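Q: I have a sequence and a model on my screen. Can we go through how to read it, feature by feature?

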Amino acid sequence: MRRACVIGWPIEHSRSPLIHGYWLRRYGIDGAYDRQPVRPDNAGEFLRTLAMRSLVGCNVTVPHKEVAFRVADEKDKSAVAVGAANTVWLDGGRLCCANTDTYGYMTHLTLRAPNWKKRDAPVSILGAGGAARAIIYGFLSAGVAKVRVFNRTRERAEALAKHFGPAVEVADWSDRSTLSKDAAVIVNTTTIGMKDEGTLDIDFTGFHPDCVVSDIVYVPLETGFMAAAREQGLTVVDGLGMLLHQAVPGFERWFGVRPEVTEELQAILIDDIGGRV
Ligand code: ATR
């Protein structure tokens with residue numbers, strides 16, 4: 001039996017077992033995927049001893065993503081761009097890592113809003129953490145010429161601009177509405193909107209009618225940010241799709257089948273989110 005898991009600290013709220021468990025059943029694979037709590041001081045050792053633990057690989061979540069990147073022997077382009085990894089696997093004894101958040105985000109965006117790139121316009125990113133990094137890398141790889149980053153703490157946005165070069169510009173957090181009116185896509189990568197974490201306060205009046213509004217928060221499934229955009233008639237993309245699609249490459253590496261993100265899987269997750277909010 002092939003075994004994988006998700007490691008983090010804490011880990012009990014991870015929804016990854018729900019996703020991989022569904023695919024294991026759907027494809028009739030003799031495999032297992034569970035949650036493993038791993039303390040921060042133990043993550044490097046855990047990852048270096050996957051084979052001894054009878055694991056073919058794992059997902060890595062907070063706070064272990066940077067350690068996973070550091071200890072891996074091979075790193076994919078997105079992991080290098082982000083400096084963090086969320087998926088690891090063994091290849092001939094070598095520890096390989098990837099950051100599949102970029103793939104997950106861009107795949108879902110393109111499925112839900114296939115015309116997001118129709119206009120040659122800037123992309124607005126709200127937030128400057130690890131998720132913002134993965135998403136900015138996705139837009140730059142897709143050929144977007146200008147990305148504007150708005151972050152409460154300006155220095156973090158500046159660090160991103162320095163990392164990615166002149167295509168990434170820093171703007172003031174207070175200008176997030178006014179400077180995004182011409183945007184092709186505006187993405188919330190902050191935690192604002194999650195459960196009781198406040199609101200983003202974006203005024204969508206005067207936004208270009210083709211602007212795509214995307215959130216990576218998925219609890220609740222429709223955030224206040226998304227609801228306000230929908231009221232203005234804008235195309236809205238939810239955050240759950242990124243979670244579902246980022247899981248695809250890992251499953252394929254570990255279990256040898258490229259799995260499908262089905263309506264049924266989406267319904268299972270929505271049900272779970274509904275039950276826990
Ligand atoms: P991740 O790695 O998952 O992206 P993170 O590194 O903790 O998470 O980043 C969280 C983001 O949400 C940051 O951009 C953070 O802004 P700061 O850099 O100023 O901390 C943003 N964020 C969280 N709460 C916020 C709030 N109340 N107002 C504005 N931004 C907030």
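A: Start with the domain centres. This is a predicted model, and the centres of domain 1 and domain 2, taken over C-alpha atoms, are 26 Å apart.

Q: Which residues belong to domain 1 and which to domain 2?

A: Domain 1 is assigned 2-99 + 241-273, and domain 2 is assigned 109-238.

Q: How many residues of domain 1 are in contact with domain 2?

A: On the domain 1 side there are 13, and they touch 14 residues of domain 2.

Q: What is the area buried between domain 1 and domain 2?

A: Interface size is often quoted as the accessible area lost when the parts come together. Here about 1100 Å² is buried between the two domains, and carbon and sulfur atoms give 67% of that area. Look at Ala-81, Val-82 and Ile-273: they supply 41% of what domain 1 buries against domain 2, more than any other three residues.

Q: How many salt bridges and polar contacts run between domain 1 and domain 2?

A: The salt bridge count is zero between domain 1 and domain 2. Two residue pairs are in polar contact across that boundary.

Q: Which helices supply the side of domain 1 that touches domain 2?

A: Helix H4 (77-82), helix H9 (240-246) and helix H11 (263-276) each bring at least two residues to that side. By class, the touching side of domain 1 has six nonpolar, five polar and two charged residues.

**The whole chain**

Q: How many helices and strands does the protein chain have?

A: Eleven helices and twelve strands.

Q: What does the radius of gyration say about the protein chain?

A: Compare it with a compact globule. For 277 residues such a globule would have a radius near 19 Å; the chain has 19 Å, so the two agree. Along the principal axes, the C-alpha atoms fill a box of roughly 55 × 40 × 35 Å.

Q: How many salt bridges does the structure hold?

A: The structure holds 14. One of them pairs Asp-101 with Lys-65, with the closest N and O atoms 3.4 Å apart. Asp-101 lies in helix H5 (residues 101-112) and Lys-65 in helix H3 (residues 65-71), so read this pair as a link between distant parts of the chain, 36 residues apart.

**Backbone details**

Q: Where are Pro-10 and Pro-220?

A: Pro-10 is in the loop between strand S1 (2-8) and helix H1 (16-26). The peptide bond from Trp-9 to Pro-10 is cis, with omega near 5°. Pro-220 is in the loop between strand S11 (212-215) and helix H8 (224-231). A cis peptide bond joins Val-219 to Pro-220, with omega about 5°.

Q: What is the phi of Ser-54?

A: Positive, at about 60°, although Ser-54 is not a glycine. Find Ser-54 in the loop between helix H2 (43-48) and strand S3 (57-60).

Notes: Residues are numbered from 1 along each chain as its sequence is written. This is a predicted model: local features need pLDDT of at least 70, side-chain atom pairs count only at pLDDT 80 or more; totals for chains, interfaces and linings use all residues. Side-chain values use heavy atoms; hydrogens and water are left out. Domain bounds come from an automatic or database domain assignment. Contact means heavy atoms within 4.5 Å. Buried area is the accessible area (1.4 Å probe) that two parts lose on being put together, summed over both. A salt bridge is a side-chain nitrogen of Lys or Arg within 4 Å of a carboxyl oxygen of Asp or Glu. A polar contact is a pair of N or O atoms within 3.5 Å; within protein, one must be able to donate a hydrogen and the other to accept it, and residues adjacent in sequence count only if both atoms are side-chain atoms. Helices (H or I, at least four residues) and strands (E, at least two) are DSSP runs, numbered from the N terminus. Ala, Val, Leu, Ile, Met, Phe, Trp, Tyr, Cys and Pro count as nonpolar, Asp, Glu, Lys and Arg as charged, and the others, Gly among them, as polar. The radius of gyration is taken over C-alpha atoms; the globule rule is 2.2 Å times the number of residues to the power 0.38.
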